[in-house]
Amino acid sequence: MAAAVPPGALTALSPVPQASQKNPPAAVPLDAMAWQMLVAAFEESKTASPAVHAQVALDSAKQLDQDNKKSDEAVVLREA
Amino acid sequence: MDAVRRAPADNWFPFGPAVALMKASPVQNVTVRREIFAVTYAIYRKRQASATSLGPMIEEFWRELPRDQVLELIPIILKEAIRGDIYFIKRPMHAYEGLKPQLLPILRELDSAKAEQWERDEKQTFEEIRKAGPSWADVAEIRRRQESMDVTPALSPAPYKKPSGSPKPRGVAACSENEPRCQQNRVEHALESIEEHLKKNEMDLAKAGINRGYRIAPSQGKLDTDPLDPNQVSKTHWPSTVNWEVFSLMASRISPEYVLQRVKEIPDSEIRLLTRAMLARMWFDHRPIFPCPGLHNNYHDEGACIAYQKYMPRELFSWANNWE
């Protein structure tokens, strides 16, 4: 499953993970949409206040951790 | 390390970070780990902390720590776990079940006779703890200890004074000062009504409820951003941020498309961002945590806790202490 990644998005966040999904399927798979949202939010948060950037980065890092992408998680945390 | 050394004088000790510091210190730096343990042990001996606080250090670094102290502490930690399991506060945590396989092998390696004795006397220990009651020490004993240590109770923070000219009501959110539960009730009623309509598949009425919630959040936002009396807690924890997130979460039950449309209405770009990240994580099955304003704010009373657990489906959020 592949998701469109916004241009300039952090490489570490680009691949769409195999996520579990409780909600019913939508036109665009929910996990793909969620991943795009997280990528976009992480990019946007770079211009936000430090606390907000840190929170979004933490959310992204937790998701990467959940998907067992340890090195990508480290990249996100370093950047935050 | 300086913080660890200073901490006991402050009558407070960062047990978690101290263990993290031990883990982070280079393997060969045994001295640092011993020093951290010595400081922590001294705090325990002064009865300012329970032995349980030393458990993680022992589990991880027992080979580097003083044998006698480890031998002394393991049975005490196990007994504290048993007591916690018997006289639990909310629900049993099964602490002994988790600790025994960690600590008993250490005890066995250091003193096999003592470990065997523990196993032999296990049932009797349970019985003794049960008979001893929920507390090791009665109030008089605690008072005696405090007096012998000359512990001065911490000073209460100075009472909060509203800056003159600020429209923010005291101890309230968007209501007059004599209605301290007003905002809480508004949020709870809105959540309750949305949930009721969703259960009955009354989507238009549920959407009307979301509209109502989306009107409550900005009224709270005005208070958080009051230039004369701004909320000094991180924006990620503002009551208005939480309100936007909670009502967005409820809107997500109508449909993902619907909530994403609604989120665009959030006027604050940063709260919009936080809400989108929260929704994304929720769709990855990670439930958000909604903190109680009173728990993270020593600035002034931001209102009572909202009982989300009563008004929202349980699968939508995590309770803060994660006691599942």
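## Around B:Met250

Apart from its neighbours within four places in sequence, B:Met250 is in contact with B:Leu191, B:Ile194, B:Ile210, B:Gly213 and B:Met312, where contact means that the C-beta atoms of two residues, placed from the backbone, lie within 7 Å. This is a predicted model, in which local features need pLDDT of at least 70 and side-chain atom pairs count only at pLDDT 80 or more, while totals for chains, interfaces and linings use all residues. Residues are numbered from 1 along each chain as its sequence is written, and chains are lettered from A, and ligands numbered from 1, in the order in which they are written.

## The nonpolar cores

B:Met250, with A:Ala34, A:Leu38 and B:Ala280, is among the residues with the most contacts inside the largest nonpolar core, which has 47 residues. Such a core is a set of buried Ala, Val, Leu, Ile, Met, Phe, Trp, Tyr and Cys residues joined through C-beta atoms within 7 Å; a residue is buried if 20 or more other C-beta atoms lie within 10 Å of its own, exposed if 12 or fewer, and partly exposed in between, with C-beta atoms placed from the backbone. At least two residues of this core come from each of H1 and H2 of chain A and H10 (182-199), H11, H12 (239-251), H13 (256-263) and H14 (269-283) of chain B, helices being DSSP runs of H or I with at least four residues, numbered from the N terminus.

A second, separate core of 27 residues includes B:Ala51, B:Ile82, B:Tyr96 and B:Leu103.

The buried residues of H11(B) include B:Ile210, B:Gly213 and B:Ile216.

In H13(B), the buried residues are B:Pro256, B:Val259, B:Arg262 and B:Val263. Seen down the axis, they fall within an arc of 125°, so they line one face of H13(B). Their cover includes H1 of chain A, together with H11, H12 and H14 of chain B.

## Where the chains meet

In the contact between the chains, 23 residues of chain A meet 16 residues of chain B. On the side of chain A that touches chain B, the elements giving two or more residues are H1 (30-45) and H2 (50-66) of chain A, and the largest share, 9 residues, comes from H1(A).

Definitions and conventions: The arc is that of the directions from the helix axis to the C-beta atoms.
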